[in-house]
Amino acid sequence: MARRRQHALLLLSAIVASLVAGSSAGVYHIVGAGKGWRMPPNRTYYDEWTRTRQISIGDKLMFLYRSGVHNIVEVPTRALFDACSMRNITSRYQNGPTIIELTEPGERFYFCGVGEHCEVGQKLAINVLLVAPPQPDTQSSAAEVARRGAGLLGLAAACLALVPALLMLA
């Protein structure tokens with residue numbers, strides 16, 4: 001039980017630190033929303049998650065997963081991604097949770113390199129936009145500040161909601 005509390009406290013500390021460090025720029029996207037980064041219920045789960053997002057430079061992807069159970073592998077091409085190929089890996093992340101800041105526009109390809117996780121759909125392809133698309137109410141700087149603040153508040157609430165699930169996994 002003490003170990004579970006340590007894991008939850010570590011997760012919350014990482015989340016709070018990332019919110020404080022990067023609260024002024026970009027949007028945090030919790031990959032997989034409430035499910036986090038795990039084997040999906042179907043092969044299209046992460047594709048469907050991506051379709052509902054506009055991701056641009058300065059945004060951050062937050063992968064919530066347990067170290068040793070999942071990881072994140074980044075590859076440079078769609079062909080390697082489609083094949084779940086471990087050849088020519090761009091980056092590998094082993095320690096969850098992982099936050100990746102998106103600093104360049106273009107396509108990015110991620111998958112879990114553990115076992116057959118990628119083959120069953122634990123993979124994410126995104127297109128990072130050069131500039132975030134305008135929001136309907138972005139003419140007012142106050143509206144923009146409120147939008148970013150609401151996003152951070154939503155992220156904090158979502159992370160807190162995930163703590164019981166993470167405690168169950170520990």
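Strands here are DSSP runs of E with at least two residues, helices are runs of H or I with at least four residues, and both are numbered from the N terminus. This is a predicted model, where local features need pLDDT of at least 70, side-chain atom pairs count only at pLDDT 80 or more, and totals for chains, interfaces and linings use all residues. Residues are numbered from 1 along each chain as its sequence is written, and side-chain values use heavy atoms, with hydrogens and water left out.

**The sheet around S5**

S5 belongs to an open sheet of 3 strands, ordered S1-S2-S5, with mixed pairing. Strand S1 (28-30) and strand S5 (98-101) are the edges; each has a single partner strand, so one side of each lacks a neighbour in the sheet. Neighbouring strands in this sheet are turned by 20° against each other on average, direction ignored. The angles are taken between lines fitted to C-alpha atoms (for helices, over the stretch in contact), and N-to-C directions give a range from 0 to 180 degrees.

Another open sheet has 4 strands in the order S4-S3-S6-S7, with antiparallel pairing. Its edges are strand S4 (91-93) and strand S7 (123-128), each with a single partner strand, so one side of each is left without a neighbour in the sheet. The twist from one strand to the next averages 20°. S6 (residues 106-111) and S7 pair in the antiparallel sense over 6 bridges, and Phe109 stands opposite Ala125 in S7.

| Strand pair | Sense | Bridges |
|---|---|---|
| S6 and S7 | antiparallel | 6 bridges |

**Two loop residues**

His117 sits in the loop between S6 and S7. Is His117 buried or exposed? At 12% relative accessibility, His117 counts as buried; the cut-offs are under 20% relative accessible area for buried, over 50% for exposed and in between for partly exposed, with a 1.4 Å probe and protein chains only. Leaving aside neighbours within four places in sequence, His117 is in contact (heavy atoms within 4.5 Å) with Met39, Val69, His70, Cys112 and Gln122.

Ile57 lies in the loop between helix H2 (45-51) and S2, and is partly exposed at a relative accessible area of 31%. Together with Leu130 and Val131, Ile57 forms a nonpolar surface patch of about 290 Å² accessible area.

**The whole chain**

Overall, the chain has 4 helices and 7 strands, running α-β-α-β-β-α-β-β-β-β-α from the N terminus on. Of its 170 residues, 37% count as buried. The chain exposes about 9,500 Å², with carbon and sulfur atoms supplying 58% of it; areas come from the Shrake-Rupley method with a 1.4 Å probe. Among contacts between residues at least 6 apart in sequence, 72% join residues at least 24 apart.

How values were computed:
Two strands pair if DSSP finds at least two bridges between them. Patches are made of residues with over 30% relative accessible area and no salt bridge: like charges are joined within 9 Å, nonpolar side chains (Val, Leu, Ile, Met, Phe, Trp, Tyr) within 5 Å. A salt bridge is a side-chain nitrogen of Lys or Arg within 4 Å of a carboxyl oxygen of Asp or Glu.
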